[in-house]
Amino acid sequence: MAQLNTAKFLLNWFEKFEKKGICDAWASMKWLSLHAVPNLRNFLSNTDSPQDIRDWQKLSKLQLTIKERETLEQYFERRLNHEPVQYIIKEWDFYGRTFEMEPPVLICRPETEQMVDLIISSIKSQQQQQKTRDPFSFLEVGVGSGVIMTTLACEIPNAFGVGIDYNPKCIQLTQRNLQRQGVPSQRYELLQSDILEWGRDSKVCKRFANQFDLIVSNPPYVFTREMKGLDKSVVEWEDWRALDGGPHGLDVVECILGNSFWLLKNSTLSSVWLETHADHAVMIQNLEKENKFLTKKKLILTRVYSDWSQIDRFLQFSLLQA
Ligand SMILES: C[S@@+](CC[C@H](N)C(=O)[O-])C[C@H]1O[C@@H](n2cnc3c(N)ncnc32)[C@H](O)[C@@H]1O
């Protein structure tokens, strides 16, 4: 059998990706290749495009085993069908740890790492100021793969977390990821539940009344009219309900804020953290001014944080009075 020119082989697939309109064509080729053939690390690791490859000749001569080539071809065919890289290789990194990923559970995004980082700094500085090691209790609404909940449990050693999601697949995947990262089962509880059905007198709210120091969520916040404009690998593969937040992207957000008052501990230090749409900070501030939104729930938007692209993305709310 003629020897395979590995450089040509990879370039051919990259060009097929580009022709098919695969977003992140080079990154897709790179991550799939690195997963299937660790020997390609020296050639591909620090590249953002074909121009970054330093030694084409050496790469051309690198021989793939039959198994490696077959695996790569299977991976590439799947990506050509717009399947996300994370579902193909079944894992992705978040905040320095590797998590299992499974369709159609939402794939973790880098912006969410930023929110988690802000939350961890805020909790740690609060604990230092108060010189307290009291148990810290949090609720995550919409756990998805469990990246936020697991990271908080790993980084805040005295934290106890409750995680909810309407989708049983998310609950099962979060359970596996918590176990994978070695979080003991006494430190968390998972519950399949639809927050749209919650209210002060609901079973869940009664059970967890005034229990949490913090509520966190990366809720579905995309406006329904924007959904069709998302990339094919998102709309065709990820759960629609994980993304679509209704006509104004606020359906689940409103529900979280509406229920927070009776779920949070009665303290001015209690807070709610949300990752949101670029328009939401202004929309919520306007609603607050018109007295239509949060003030009646005794919560107030206390801080807006931008993400790396300078988009107002993360909102922190506090109780108006204890
Ligand atoms: C944007 S994803 C976030 C997933 C994960 N927390 C992350 O950051 O990667 C939103 C999550 O909320 C869940 N969800 C959507 N609507 C819900 C509802 N009404 N009640 C409970 N969970 C819901 C979805 O299943 C999905 O897992």
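The dialogue below goes through the ligand site and then the pockets.

A: Two ground rules. This is a predicted model, where local features need pLDDT of at least 70, side-chain atom pairs count only at pLDDT 80 or more, and totals for chains, interfaces and linings use all residues. Residues are numbered from 1 along each chain as its sequence is written, and side-chain values use heavy atoms, with hydrogens and water left out.

Q: Which residues surround the ligand?
A: A residue is near a molecule if one of its heavy atoms lies within 4 Å of it. Here 22 residues surround the ligand, and the closest are Glu 140, Gly 142, Asp 165, Asp 194 and Asn 218.

Q: What is the make-up of that shell by class?
A: It has 13 nonpolar, 5 polar and 4 charged residues. Ala, Val, Leu, Ile, Met, Phe, Trp, Tyr, Cys and Pro count as nonpolar, Asp, Glu, Lys and Arg as charged, and the others, Gly among them, as polar.

Q: How is empty space found?
A: Rolling a probe the size of a water molecule over the atoms shows where empty space is left. A pocket, on a 1 Å grid over the protein atoms alone, is an open set of points where a 1.4 Å probe fits, with protein on both sides within 12 Å along at least five of seven lines; lining residues have an atom within 4 Å of a point.

Q: Which pocket does the ligand take?
A: The largest pocket. Its volume is about 800 Å³. It has 46 lining residues, and Asn 218, Pro 219, Pro 220, Ala 242 and Leu 243 are the closest to its centre.

Q: What about the second largest pocket?
A: Its volume is about 530 Å³. Of its 22 lining residues, the closest to the centre are Asp 24, Val 85, Gln 86, Trp 92 and Ile 107. The lining comprises 11 nonpolar, 3 polar and 8 charged residues.

How values were computed. A molecule sits in a cavity or pocket if more than half of its atoms lie within 2 Å of its grid points. Grid points are joined across faces, edges and corners, and a volume is the space filled by probe spheres set on the points.
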